[in-house]
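Welcome to a short tour of a protein model. Have a look at the picture below, and then we will walk through some of its features together.

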Amino acid sequence: MTNIPLKNIDSNSEHTTHWKDYFGFSTDHKIIGVQYLVTSFIFFLVGGLLAMIVRAELLTPQLDVVNRSVYNGLFTMHGTIMIFLWIFPANLGLANYLVPLMIGARDMAFPKLNAIAFWQIPIVGILLLSSFFLPSGTAQAGWWSYPPVSIQNPSGHLINGEFIWLLAIVISGVSSIMGGVNFVTTIVQMRAPGMTYFRMPVYVWTILSAQLLQLFCLPALTGAAIMLLFDLSFGTDFFSPFKNGDPIIYQHLFWFYSHPAVYVMALPAFGVFSEVIPAFSRKPLFGYKIVAVSSFIIAIVGIFVWVHHMFASATPSWMRIFFMASTMLVAVPTGLKVFAWVATLWKGKLHLDTPMLFCLGGVAMFLFAGITGVMMASAPFDIHVNNTYFVVGHFHYVVFGTVTMAIYAGIYFWFPKITGRMYSESWGKIHFWLTFIGANLNFFPMHPVGLQGMLRRVASYDPQYTLWNIIASLGAFLLGMSTLPFIANIISSCLRGHKVDNNPWRASGLEWTVSSPPPVENFIEIPIVTREPYDYGEEQISQLN
């Protein structure tokens, strides 16, 4: 991808980062990237533990593990933690580490703002987890927090679980907006000479598209959370139906961001697939320009689909028709990406290492999620499965089956670059198979029980759904266990993994031209980019083979 004099590549430079730097206020984008990844994974384990308690309750039709109030709190906090403290920060962690390296920059455009944005994440996590210890208990209105349920305060306490939840969401929104400003500015203004837009890796295109979505749509949710906070605690009536407020307006504000947020989560996953699949197929990415531009098309069309979440909310017929069509339209640019990945694999020199396995598993699960997503884009079908476990199953095939699988693929793929050491391939493959099998056992059964009418957010259910729920719960427990080999592999490999050279995968990206780990300021001299992306030479192919 680059034509760089050897003097620009600091392959033997001593990496001066100390382990203590990861616990302080660093402005190095690479340290911040690792801080995001480690912090988000800790919250991923917490959110996963809450999910396992929920699935333990659903092993039997009766209410026999926790009471309904605690169950609602666990359900709410699981969804909130997994979205706002796992997927968003983990994606930002990879992007923080990689984007400056991929575009030939020394750091992010606003390093201090970058650090401030990260340090708000632990504050959000501490706030959410502390709500478990409040006398009134944690928030129980779900991760969407619809009024009027969310503005009821039977305890009478000003500081209650819902108040803490809304405060945490506002802080998270401010952090994400800061990140969006930083990424867009960095990508637009700090590319190396010769790094035109159509020489950027697809991963950078997906990050740019996702962060532009953040900047355009996230203020709606942040503002709605502030207004809801005032309704709950200070007597305003923006959304209260008992005081001439309109709760439907909250739904519009919430979903105006929260459906595009799915693309904010998924676009970086598509970027990871677009980097890993060519590297392990030893072929350039098929249709690079179309794949790159399709990220922007997904972002633009994604702004106009939010009302499909509200087909059951007294939505006018004309609005249902428009948003049904716009939702189905998203399948076109995403289908182009899938076609490009399959075409890249076709007749490639495939190497089924751990990153590639997670990519292939993620693409397969995304295809299933896409099929059920097009089904729910149809208003009649969506109304039929509204508020059932079919929706939960579809959503988890997106956020776990696609996004989390891609995050794992990205961690394994760039682990040698981040640490300078190689992980255990055998343990990586064990981790993949436990994750892939556990995820499908967990989330697939939600589709048939949803079609049969089992409602979501319930702690007890009709006994006719017992078998599918047992399978789903066993899958959830297996999914929880799958993190153990990953944790052991990463920790042991960081300490004792064999050292690698600058480019162990013989990949084509600019980030692979610097030492592993990279120097503090990435490049001794800013590189001049003259080659096209995903340009695999015969030497690279023969070295991997």
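## A bridge across the chain

Let's begin with a pair of charged side chains in this predicted model. Arginine 199 and glutamate 532 meet in a salt bridge, with 3.2 Å from N to O. The two partners belong to distant parts of the chain, 333 residues apart: arginine 199 is in the loop between α4 (161-189) and α5 (202-234), while glutamate 532 is in the loop between α16 and α17. Glutamate 532 has a relative accessibility of 43%, so this residue counts as partly exposed.

Side chains of opposite charge can pair when their charged atoms come close. How many salt bridges are there by this rule? The count comes to 3.

## The other two bridges

Aspartate 28 and lysine 30 make a salt bridge through their side chains, at 3.1 Å from N to O. Are these two residues buried or exposed? Residues under 20% relative accessible area count as buried. Aspartate 28 has 9% relative accessibility, so aspartate 28 is buried; lysine 30, at 3%, is buried too.

Aspartate 501 pairs with arginine 506, and their closest N and O atoms are 3.1 Å apart. With 38% relative accessibility, aspartate 501 counts as partly exposed.

## A buried alanine in a loop

Now look for alanine 192, which is in the loop between α4 and α5. Because its relative accessibility is 5%, alanine 192 counts as buried. Which residues touch alanine 192, leaving aside its neighbours within four places in sequence? They are Ile103, Gly104, Ile526, Pro527 and Val529.

For a sense of scale, find cysteine 359, which is 167 residues from alanine 192 along the chain. The C-alpha atoms of these two residues are separated by 29 Å.

In soluble globular proteins, nonpolar side chains tend to be buried together. Here the largest nonpolar core has 166 residues, and Tyr203, Tyr389 and Phe413 have the most contacts inside it. Helix α2 (residues 68-103) gives this core its largest share, 22 residues.

Take tyrosine 203 as an example. Leaving aside neighbours within four places in sequence, its contacts include Asn91, Leu94, Ala95, Leu98, Val99 and Met102. Tyrosine 203 is also in contact with Pro268, Gly271, Val272, Glu275 and Tyr534.

Helix α14 has 19 residues, which at 1.5 Å a residue should span 27 Å; the C-alpha atoms at its ends are 27 Å apart, so the two values agree. Which residues of α14 are buried? They are Gly428, His431, Phe432, Thr435, Gly438, Ala439, Asn442 and Phe443. These residues cover an arc of only 155 degrees around the axis, so they are on the same side of α14.

An α-helix has 3.6 residues a turn, so residues three or four places apart point the same way. The buried residues of α14 pack against several other helices, namely α1 (29-57), α11 (354-377), α13 (389-419), α15 (446-451) and α16 (466-496).

## How confident is the prediction?

The average pLDDT of the chain is 93, and 95% of the residues score at least 70. Confidence is highest in helix α14 (residues 425-443), with a mean of 98, and lowest in helix α17 (residues 538-544), with a mean of 44.

Two stretches call for care. The pLDDT is below 50 over residues 1-14, a stretch with 39 contacts in the model beyond near neighbours in sequence. Residues 538-545 also have a pLDDT below 50, with 18 such contacts. Where pLDDT is low, the predicted coordinates should not be read in detail.

Methods
Residues numbered from 1 in each chain as written. Predicted model: local features only at pLDDT ≥ 70, side-chain atom pairs only at ≥ 80, totals over all residues. Heavy atoms only, no water. pLDDT = per-residue confidence, 0-100. Helix = DSSP H or I, 4+ residues; strand = E, 2+ residues; numbered from the N terminus. Contact = heavy atoms within 4.5 Å. Expected span 1.5 Å × (residues − 1). Buried < 20%, exposed > 50% of the residue type's maximum accessible area, 1.4 Å probe, protein only. Arc of directions from axis to C-beta. Salt bridge = Lys/Arg side-chain N within 4 Å of Asp/Glu carboxyl O. Core = buried A, V, L, I, M, F, W, Y, C linked by side-chain atoms within 4.5 Å.
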